[in-house]
Amino acid sequence: MCESFAVPGKKSSLNARKFLNLGRSKLKKLKYFEALENLNKSLCYAEEGSKEMIEAYANRSEVYFMIKEYEKCLENINLAIKCGCDASVNEVLKLREAKCNELLKDDNSQVFNPWSFFKLSYPPHEKLPYVANCIELKQHELFGRYLVTTRNLTPGDIIAIEEPFFKIVHTSSTHLRCSNCLKANKLDLIPSRLTSSGMFCSEQCQTMATGNFHNVEVDLRSIEFAQKILLESLNICDQNVDKLKALIEDPKQSSQTVFDFDWSDKENGKFKMHGLLAFNSLQLGPITDDLDYIETHPVLDYFEYEHDREIAKAYLIRIARILSVNCYSLDWWSPKREDDDNLLFSSNKMKIGSAMLPFGSLFNHSCAPSIDRMIVDNKFVFIVRRSVCKGEQLFISYGPSFIREPNDFRQMNLKAHFDFSCSCEACVANFPIAFSHPLSREVLTIKDGPITSNDEWKWKEELKKNYQAIEGNHTKFPSLSLWKIMDRNLYLLAAIARNEPFVF
Ligand SMILES: [Zn+2]
Ligand SMILES: [Zn+2]
């Protein structure tokens, strides 16, 4: 069956069957992650209550049984039964259900929860509960807003855990994440009822997405991030285009950052409005020819009146400019694939979505950053990479790193993408790059080692040792061997964050 058969957005029992068979063959080979991937694709294409849907849920229950996720196994058995499976399948499932319940009774082993590790290292900020209380926003006449710490920070400190305000799952990854909240839920997702390219972690997320953007999305086949933000913003403004215009154009309102609002009161009811304002106050990227496509974008046809269309168009351009310099990529290290013989850890890096972080966007760039970011489920965790003294500015990297790219290349890259000349310590002092150093090969090729989240004590020990080495030698920076340890830590943290019990 050729791949081109797939009509984007449409349910198709042929495709559902194709991916079901693929999923089964992966399951037979004990490739659990790939089995779930294909079974999810099958679910996306399957008609509600069809034979394919029943079989996909039944097979998914088997995968979860094999990887000892008994609760998830039971959920999938229920989903298959709810779809109305026939007696023979029912019998197999009932047997599995009984085994599951039996095993759950005896099973005292705790499923490792990455959030038991990824926690703020300091008390939360008074108004921003997901940020440590030592983080402050300051203003500089030359480089604008910047984040500082009011206490000394040591490697491994977690200073913020932010959930994206606006987010989108890329079309190639819709079977891996909830389209509404980006949670992976160990791939235990339910398919969209409206389209073949969306899954959700819960019925609640499906309902929220349907009311928000999903209906239009189905019509437009695939929606881009800027359009999704436009539709969600309108929703926040009660579909009132003039209200949206007044908000974004009010100079007082549009200069407010996340630090100007109180996020501690969950009952507040204004979170969405505040998030929209904080997003709107972010720095604008340059106006480029790339923005011309907005003039004729099909999403504008949804606005009946010329007046509304013009406002929507202007806001779309603003969103696109904000995204061009503030958008976070949701990268993820997927388990090694069967047909992938590349041993490099980085080869499994996938871009599965994009996210807007009203707090995270306030970090400035350095080619030798002090802060790393790690994606844990649907949140971004900001972790201290190397010691930062009280009063110093905090930096992440927007991409370029002194270890990989020469100074002039970094300058060119940052100018082209972010429209600034970098004056970070690495650029000013011309730190040596790894290519001219004997350690270069090691630095650049971190092997996919045997670390899994099940080896809890091992990675905890190693991280501790590494953090001590970085802290103890911080005066020797820039040191390539220290940089290598910092990258190794990122690898260890990714293994903890992934927390997948898949055998691969
Ligand atoms: Zn969700
Ligand atoms: Zn730089």
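Trainee: How are the donor residues of the zinc ion (ligand 2) spaced in sequence?

Mentor: This is a predicted model, where local features need pLDDT of at least 70, side-chain atom pairs count only at pLDDT 80 or more, and totals for chains, interfaces and linings use all residues. The SG atoms of C367, C422, C424 and C427 coordinate this ion at 2.2 to 2.3 Å, donors being N, O and S atoms within 2.8 Å of the metal (3.2 Å for Na, K and Ca), with water not among the atoms, so sites may look incomplete. Along the sequence, these donor residues follow C-x54-C-x1-C-x2-C.

Trainee: What is the geometry of the site of the zinc ion (ligand 2)?

Mentor: Residues are numbered from 1 along each chain as its sequence is written, chains are lettered from A and ligands numbered from 1 in the order in which they are written, and side-chain values use heavy atoms, leaving out hydrogens and water. Around ligand 2, the 4 donor atoms make angles of 104 to 115°. Four donors count as tetrahedral if all angles lie between 85 and 135 degrees. The site of the zinc ion (ligand 2) is therefore tetrahedral.

Trainee: Are C424 and C427 buried or exposed?

Mentor: Both cysteines are donors of the zinc ion (ligand 2). The scale is relative accessible area with a 1.4 Å probe and protein chains only: under 20% is buried, over 50% exposed, and in between partly exposed. C424 and C427 are both buried.

Trainee: Now the other metal: why is the arrangement around the zinc ion (ligand 1) tetrahedral?

Mentor: Four SG atoms, from C178, C181, C201 and C205, lie 2.3 Å from this ion. The spacing of these donors along the chain is C-x2-C-x19-C-x3-C. The arrangement is tetrahedral because the 4 donor atoms subtend angles of 106 to 116°.

Trainee: How many residues apart in sequence are the parts that C181 and C205 tie together?

Mentor: Both are protein donors of the zinc ion (ligand 1). C181 is buried at a relative accessible area of 10%, and C205 is buried at 8%. C181 lies in the loop between β4 and β5 and C205 in helix α6 (residues 203-220), so the distance in sequence between the parts this pair ties together is 24 residues.

Trainee: What is the relative accessible area of H175?

Mentor: H175 sits in the loop between β4 (166-169) and β5 (190-191). Beyond four places in sequence, H175 touches E37, N40, K41, L187, L189 and M199, where contact means heavy atoms within 4.5 Å. H175 counts as buried because its relative accessible area is 6%.

Trainee: On to helix packing: is α7 parallel or oblique to α10?

Mentor: Helix α7 (residues 225-236) and helix α10 (residues 306-326) have axes 9 Å apart and pack at about 125°. Angles under 35 degrees count as roughly parallel, over 145 as roughly antiparallel, 65 to 115 as roughly perpendicular and the rest as oblique. So the relation of α7 to α10 is oblique.

Trainee: Which residues in α10 do those in α7 meet?

Mentor: The two helices pass each other in a right-handed crossing. From α7, the residues involved are F225, A226, Q227, I229, L230 and S233. In α10 they meet A312, Y315, L316, I319 and L323.

Trainee: At roughly what angle do the axes of α8 and α9 cross?

Mentor: Helix α8 (residues 241-249) meets helix α9 (residues 271-280) through K243, L244, L247 and I248 on one side and M273, L276, L277 and N280 on the other. The crossing is right-handed. The axes come within 10 Å, and their angle is roughly 50°.

Trainee: Is A46 buried or exposed?

Mentor: A46 is in the loop between α2 and α3. Apart from residues up to four places away in sequence, A46 touches K11, A16, E52 and M53. Its relative accessibility is 0%, so A46 counts as buried.

Trainee: What is the relative accessibility of E47?

Mentor: E47 is found in the loop between α2 (32-45) and α3 (51-66). Its contacts beyond four places in sequence are K11 and M53. E47 counts as partly exposed because its relative accessibility is 42%.

Trainee: What percentage of the residues of the chain count as buried?

Mentor: The chain has 15 helices and 12 strands. Of its contacts between residues at least 6 apart in sequence, 68% join residues at least 24 apart. Among the 504 residues of the chain, the buried share is 52%.

Technical notes: Tetrahedral: all angles 85-135°; square planar, octahedral: opposite > 155°, others 65-115°. Axes fitted to C-alpha atoms, helices over the stretch in contact; angles between N-to-C directions. Helix = DSSP H or I, 4+ residues; strand = E, 2+ residues; numbered from the N terminus. Left-handed = near helix turned anticlockwise from the far one by under 90°.
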